[in-house]
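Please read it alongside the sequence and the model.

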Number of protein chains: 2
Amino acid sequence: MHFGRHISGQFNVELESIRTNVLTMGGLVEQQLSFAMQALHKDDVELARKVVRDDHKVNAMEVSIDDACTRIIAKRQPTAKDLRLIMAIIKTITDLERIGDVATKIAYMAIESPSSTERHFQVSLEPLCRQAISMLHQVLDAFARMDVDAAAELHKMDDKLDAEYEAVIRQLMTYMMEDPKHIPNILQVMWSARAIERVGDRCQNICEYIIYFVKGKDVRHMTEQGIDDIIK
Amino acid sequence: MHFGRHISGQFNVELESIRTNVLTMGGLVEQQLSFAMQALHKDDVELARKVVRDDHKVNAMEVSIDDACTRIIAKRQPTAKDLRLIMAIIKTITDLERIGDVATKIAYMAIESPSSTERHFQVSLEPLCRQAISMLHQVLDAFARMDVDAAAELHKMDDKLDAEYEAVIRQLMTYMMEDPKHIPNILQVMWSARAIERVGDRCQNICEYIIYFVKGKDVRHMTEQGIDDIIK
C-alpha cells in the first residue's frame with residue numbers, strides 16, 4: 001500500500017512495518033478470542049491457561065506499536081494522510097488490546113468453572129462469541145485493505161451483535177428466576193456476555209478510524225446516516 | 001506551565017489552549033457524573049434529562065481537542081516532551097469521553113425507574129459513585145499540575161473502588177436471591193455499578209498518561225511496584 005510519495009523511501013518502509021505489526025497484533029487478538037471460546041466450549045483448561053499466559057504478548061505489542069508511532073512522528077514529521085494513518089493506528093491498538101482483555105476474561109471463566117451446571121449456562125455465549133469473532137475478523141480485513149465501504153457496512157453489523165446479546169441476557173435472566181441458587185454462576189456468564197458485546201463496540205471504533213484515515217473525517221458520535229453521507 | 005522553550009511563542013499559546021480545553025472537558029465530565037448521581041438520588045428526572053442532553057457537549061469536545069492535537073502535530077512538528085503531552089492528551093480525552101457515557105447511563109436509569117422498589121436498590125450505588133467522582137476530581141487535579149507523585153498515589157486508589165464495587169454486587173446479589181421477581185430491576189442497578197467501577201479504571205489510565213508525560217515511560221500493564229520504581 002502506498003501512502004503517498006515520500007522523499008525518503010525509508011519512511012515508507014517504516015510506515016509499512018508499523019501497519020504490518022498492527023495486523024499481526026489483530027491476528028493474535030482474534031486467535032486469543034477464538035482459543036478462549038474453544039477452551040470454554042470444550043472445557044479445555046490447558047488452552048484457557050495458554051490464553052491467560054499469552055495476554056502479555058498483546059499488551060507488549062500495544063506498547064511497542066505505540067512507541068513506534070510516537071518515534072515516527074518525532075523523526076519524520078508526517079502530515080496529512082500519513083499522520084492520519086498513525087493516529088488511526090494509535091487508537092486501533094487501544095481497542096485491540098481491550099478485546100484481548102475480553103479473551104482473558106473468558107479464559108478465566110473456563111479455568112474457574114468446573115461444574116457441569118455452569119457449563120450449561122456458558123453454552124449460551126457461543127453464538128454471541130462466534131459472531132463477535134467474525135466481526136473482528138472482517139474488521140481486521142477491512143483495516144488491512146483500508147476499505148472504507150466495508151468499514152461502513154461493518155459499522156452497522158454491531159446492531160446484530162447487540163440483538164444477540166439481548167437475547168442471551170433474557171435467556172440467562174429466565175434461568176435466574178427459575179432457580180435463584182444459580183444466580184452467582186449465571187452472573188459470571190452475564191458479565192462475560194457483556195464483555196463480548198463490547199467487542200462489537202470496539203470493532204465499530206476501528207471502523208470509524210478506517211473512515212477517518214480514508215476520508216479525513218472524524219465520524220465518531222455520528223448516526224449511521226451521517227456516516228453513509230460521508231462515504232458516498 | 002512551561003513545556004519547554006520554543007522558537008515560536010505561539011506554539012506555547014496553542015499547547016496551553018489545548019491543555020485548558022482538556023481541563024474544561026474534565027470539569028464537564030465530572031459535573032455530568034455528579035448531576036447524574038444527584039438525579040438518581042433525588043429522583044430528579046429533569047436533571048437526568050439535562051445530563052442526557054449535555055452528553056453531546058462532551059462528545060464534541062473530544063472531537064475538537066483530538067482535531068487540535070492532530071493539527072498541532074502537523075503544523076509544529078513537536079518532539080520530546082511536547083509530543084508526549086499531545087499523546088497523553090489524545091488518550092486522556094478518550095477516557096474522559098467514556099466516563100461521560102457512564103454519566104448518561106446513570107441518568108437514563110434515573111429517567112426510567114419510577115418505582116420506589118427500584119429506587120431502594122439504587123441507593124446502594126451512592127457511596128460507589130461518590131468515590132468514583134472523588135477519584136476523578138483528584139485525577140483531573142493531578143493532570144492540571146502534571147503531578148506525577150499524586151498520579152502514582154491515585155493509581156493505587158482504584159483498589160478501594162474495586163472493593164466497594166464487590167461489596168455492592170454482593171449486596172445486590174443477596175436481594176436477588178431473596179426475591180427473584182426483582183431480578184430484572186436489580187440487574188439494571190448492577191450494570192450501572194459495573195459502569196461506575198470502570199470509571200476507576202479510566203482514572204487509572206489517565207494517571208498512567210501523566211506518568212508517561214512527566215517520566216517518558218509507558219507504565220501501562222505494569223505492577224504498582226514497577227510504577228513506584230519509575231517514580232522514584
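In this predicted model, the residue of chain B that comes closest to the rotation axis is Gln77(B), whose C-alpha lies 2.8 Å from that axis. The rotation in question is one of 180° with 0.0 Å of shift along its axis, and it superposes chain B on chain A with an RMSD of 0.0 Å. That is the relation of a two-fold axis.

**Symmetry and shared surface**

- The same surface serves both copies, since 100% of the contact residues of chain B recur in chain A.

**Chain A as a whole**

- Chain A contains 8 helices and 0 strands, and its elements, read from the N terminus on, follow the order α-α-α-α-α-α-α-α.
- The radius of gyration of chain A is 20 Å, close to the 17 Å that the globule rule gives for 232 residues, so chain A is as compact as a globular protein of that length.
- Taken along the principal axes, the box filled by the C-alpha atoms of chain A is roughly 70 × 40 × 20 Å.

**Packing between the chains: helix 2 of chain A and helix 3 of chain B**

- From helix 2 of chain A, the residues Asp66(A), Thr70(A), Ile73(A) and Ala74(A) meet Leu83(B), Met87(B) and Lys91(B) of helix 3 of chain B.
- By residue class, this contact of helix 2 of chain A with helix 3 of chain B comprises 4 nonpolar, 1 polar and 2 charged residues.

**Packing within chain B: helix 7 and helix 8**

- Helix 7 of chain B (residues 183–215) packs against helix 8 of chain B (residues 224–231) at an angle of about 30°, and their axes are 11 Å apart.
- Since angles under 35 degrees count as roughly parallel, helix 7 of chain B and helix 8 of chain B are roughly parallel to each other, and helix 7 of chain B passes helix 8 of chain B in a left-handed crossing.
- Gln204(B), Ile211(B) and Lys215(B) make the contact from helix 7 of chain B, while Glu224(B), Ile227(B), Ile230(B) and Ile231(B) make it from helix 8 of chain B.
- The residues of this contact of helix 7 of chain B with helix 8 of chain B divide into 4 nonpolar, 1 polar and 2 charged.

Key: Residues numbered from 1 in each chain as written. Chains lettered and ligands numbered in written order. Predicted model: local features only at pLDDT ≥ 70, side-chain atom pairs only at ≥ 80, totals over all residues. Heavy atoms only, no water. Axes fitted to C-alpha atoms, helices over the stretch in contact; angles between N-to-C directions. Helix = DSSP H or I, 4+ residues; strand = E, 2+ residues; numbered from the N terminus. Parallel < 35°, antiparallel > 145°, perpendicular 65-115°, else oblique. Left-handed = near helix turned anticlockwise from the far one by under 90°. Contact = heavy atoms within 4.5 Å. Nonpolar A, V, L, I, M, F, W, Y, C, P; charged D, E, K, R; others polar. Least-squares fit on C-alpha atoms with pLDDT ≥ 70 in both. Rg over C-alpha atoms; globule rule 2.2 N^0.38 Å.
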